[in-house]
Amino acid sequence: MALAVALVSLLVAAGCGDAGEADRTSGQATATEEARAPQVIVETASSGFDAAEVYREASPGVVTIRSIFGGDEAGAAEGSGFVLDGSGEIVTNAHVVTDESTGSRKPAKEVFVEFPDRNVVPAQILGFDPFADVALLKVDPDGFELHPLELGNDSELLVGQPVAAIGSPFGEQQSLSVGIVSATDRSVQSLTEFQIDGAIQTDASINPGNSGGPLLDAAARVIGINQQIETSSGANDGVGFAVPISAIKRSVAQLEDDGHAEYAYIGVSSQALYPQLSERLGLDTNFGGLLARVVPGGPAEKAGLEGGDKKLEFQAGEYRTGGDVILQVDGKDVVQPDDLARLIAARQPGEKVTLTVLRDDRQEDIELTLGKRPDASSAG
């Protein structure tokens, strides 16, 4: 995976101009002294989808973000973002305004926001959420006409529906690309070892510098923020992914409250069962989360859950077997690979959940108190 943020020189981060020529493999950009005119790049079209109208409605609320981290190694970065409300709050990716080169994730020393009218203003980082890769910024709104974008609903997305991405790929500000929703409910890399669940996959062009910019539906509503590309070169020859707006809303609500975001934690890694694997294992179920590992000292171990102690190679896959199978969380089936993580993430640390578990051919209900997700862990 490649996070779609453009690394830029300190001159770009400190100045008011757009990024100039870019190395389209590494995402490096250099500065120019004058801003370029906005560009519209329409890559695909769909009947009933007016890309020009989406751009007209949304582009005034899309901004370019430049971060200065300090130090020779960290340097600076450039990405995109969008105006959330009239008070000056702006949403972007956490990786646009934070850096982990020193071993722990730190906010940028300075952040600047450039608006479509070429005004460049300093921004305060209200907080960032490395689990969802979301950051909340704030600028002083006095003297500016802000254009907040309307938020949509990713639960209504259909594969094949048209979408638009607006941002600053390779420093080319206010660029539009158009595509479709290629898939929904993907699990993608976050800034921790946990995954972002429910991500939106798109073939709209996503490149370094697009990070934090909005992915929009036909009504110019934000359905996600563009976060990364899966590519071997670092440029858009792969597929793009966006953090879903449902995750963004949850993250922003917490960041507005105290600048931090917390997620519930069960402390397991699991593998999804499917009919043929269940038959091979002789299990009386064709769905569920097969527990491969239980984290020592975690909530699951304290509740008595058990991980696998054997290995099985089957149908080109390797599985840890012999452990419990989680069939349900509070009565909701665990079917898809990310169902367990999604159902747990929807709860709050400290809450109690009831897990329906298959153990030794018997079903039993186990009550578990959820913990707080650590910053980095290999557990699910």
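A charge is said to sit over a ring if NZ of Lys or CZ of Arg is within 6 Å of the ring centre and within 35 degrees of the ring normal. The structure is a predicted model, in which local features need pLDDT of at least 70, side-chain atom pairs count only at pLDDT 80 or more, and totals for chains, interfaces and linings use all residues. Residues are numbered from 1 along each chain as its sequence is written, and side-chain values use heavy atoms, with hydrogens and water left out.

| Charged residue | Ring | Distance to ring centre |
|---|---|---|
| Arg-373 | Phe-131 | 5.1 Å |
| Arg-373 | Phe-194 | 4.5 Å |

Rings also pair with each other. Rings of Phe, Tyr and Trp (its six-membered ring) pair if their centres lie within 6.5 Å; planes under 30 degrees apart count as stacked, over 60 as edge-to-face and the rest as tilted. The count is 4 aromatic pairs. Phe-115 and Phe-144 are stacked, with 5.7 Å from centre to centre and 25 degrees between the planes. Phe-115 is in the loop between β10 (110-114) and β11 (120-122), and Phe-144 is in the loop between β13 (134-138) and β14 (162-167), so this pair ties together parts 29 residues apart in sequence. Strands are DSSP runs (E, at least two residues), numbered from the N terminus. Phe-115 is buried at 6% relative accessibility, while Phe-144 is partly exposed at 25%. Buried means under 20% relative accessible area, exposed over 50%, and partly exposed in between (1.4 Å probe, protein chains only).

Phe-194 and Tyr-265 are both buried. Ring pairs join Phe-131, Phe-194, Tyr-263 and Tyr-265 into a cluster.

Key:
Helices (H or I, at least four residues) and strands (E, at least two) are DSSP runs, numbered from the N terminus.
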